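Keep the structure open as you read.

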Amino acid sequence: MKKNKFSKNWIIKQKRDIYVKKSKLEGYRSRAVYKLEEINNKFNLIKNNTLVIDLGAAPGSWSQFISRNFNNSKIISIDLKDIEPIKNLVHIKGDFTDEKHKKNIKNYFGKKVDLIISDMAVNTTGNKSVDALVTGELCIDAMNFAVELLNKNGSFISKLFMGSSFNEIVALGKKSFLDVDIFKPPSSRKDSKENFIICRNLR
Ligand SMILES: C[S@@+](CC[C@H](N)C(=O)[O-])C[C@H]1O[C@@H](n2cnc3c(N)ncnc32)[C@H](O)[C@@H]1O
């Protein structure tokens with residue numbers, strides 16, 4: 001009963017949402033694309049000829065954005081779900097936390113990369129503290145991976161939720177990167193605890 005009410009409210013919200021309408025008009029698979037666009041407008045991280053790893057990529061709007069707007073960018077993505085093909089993208093269907101997949105991603109370019117983006121989030125349980133904690137663990141895992149695989153001037157962008165692990169994640173970021181910012185893009189829903197951590201320039 002509670003779940004039905006939640007789904008109904010979600011559908012109403014989606015119908016009214018200007019970003020949902022805009023994404024449909026522009027042929028993007030998700031309104032999430034505008035979060036990456038707004039992050040990039042502020043921090044100017046994505047360039048032409050960029051090697052990118054997209055973690056938690058489905059349905060694929062972040063990869064679409066990079067593939068469309070940045071010439072000669074090459075992307076490898078992973079998600080628990082499959083995604084429809086995108087130009088210059090190779091996709092792995094699987095769990096990022098599985099070491100076997102991490103190894104395959106590392107081997108794909110065979111060298112360090114410029115940008116690692118993670119929009120990974122677990123299915124919401126309805127308990128915001130639990131959701132923040134589990135998604136925080138994915139963020140930490142992705143950050144450790146980024147520290148290993150990024151070029152010295154590379155950048156890491158990840159979703160994280162305000163919650164008990166927030167300060168720990170920011171501290172971890174500051175340990176490995178010279179520049180760490182927290183940004184909530186205007187298109188991120190106001191009632192969500194979602195934020196993004198933007199880490200640049202490895203120490
Ligand atoms: C908010 S969606 C990503 C939207 C995407 N950035 C886009 O623009 O289309 C979060 C994704 O994280 C994925 N995810 C969650 N846990 C994961 C894991 N352990 N490994 C890989 N993907 C995961 C989910 O399957 C889901 O598709």
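A polar contact is a pair of N or O atoms within 3.5 Å; within protein, one must be able to donate a hydrogen and the other to accept it, and residues adjacent in sequence count only if both atoms are side-chain atoms. By that rule, a polar side-chain atom of S61 sits 2.5 Å from an oxygen atom of the ligand. The backbone also takes part. A polar backbone atom of A58 is 3.3 Å from a ligand oxygen. For A121, a backbone N or O atom lies 3.5 Å from an oxygen atom of the ligand. The protein covers 88% of the 600 Å² of accessible area that the ligand has on its own (Shrake-Rupley method, 1.4 Å probe; for residues, only the protein chains shown count as cover).

This is a predicted model: local features need pLDDT of at least 70, side-chain atom pairs count only at pLDDT 80 or more, and totals for chains, interfaces and linings use all residues. Residues are numbered from 1 along each chain as its sequence is written, and side-chain values use heavy atoms, with hydrogens and water left out.

The largest nonpolar core has 31 residues. Such a core is a set of buried Ala, Val, Leu, Ile, Met, Phe, Trp, Tyr and Cys residues joined through side-chain atoms within 4.5 Å. Buried means under 20% relative accessible area, exposed over 50%, partly exposed in between (1.4 Å probe, protein chains only). I53, L55, I105, I116, F156 and I197 have the most contacts inside this core. Helix 6 (residues 128-149) gives the most to it, with 8 residues. Helices (H or I, at least four residues) and strands (E, at least two) are DSSP runs, numbered from the N terminus. Apart from this core lies another, of 25 residues, including Y34 and W62.

V113 belongs to strand 4 (residues 113-118). Its relative accessibility is 1%, so V113 counts as buried. Beyond four places in sequence, V113 is in contact (heavy atoms within 4.5 Å) with L51, I53, L149, L150 and N151.

Where is D17? It is found in the loop between helix 1 (2-16) and helix 2 (18-26). D17 counts as buried because its relative accessibility is 9%. Its side chain reaches the backbone nitrogen of Y19 at 2.6 Å. A polar atom of that D17 side chain also lies 3.2 Å from the backbone nitrogen of V20. Leaving out residues up to four places away in sequence, D17 touches R31 and R189.
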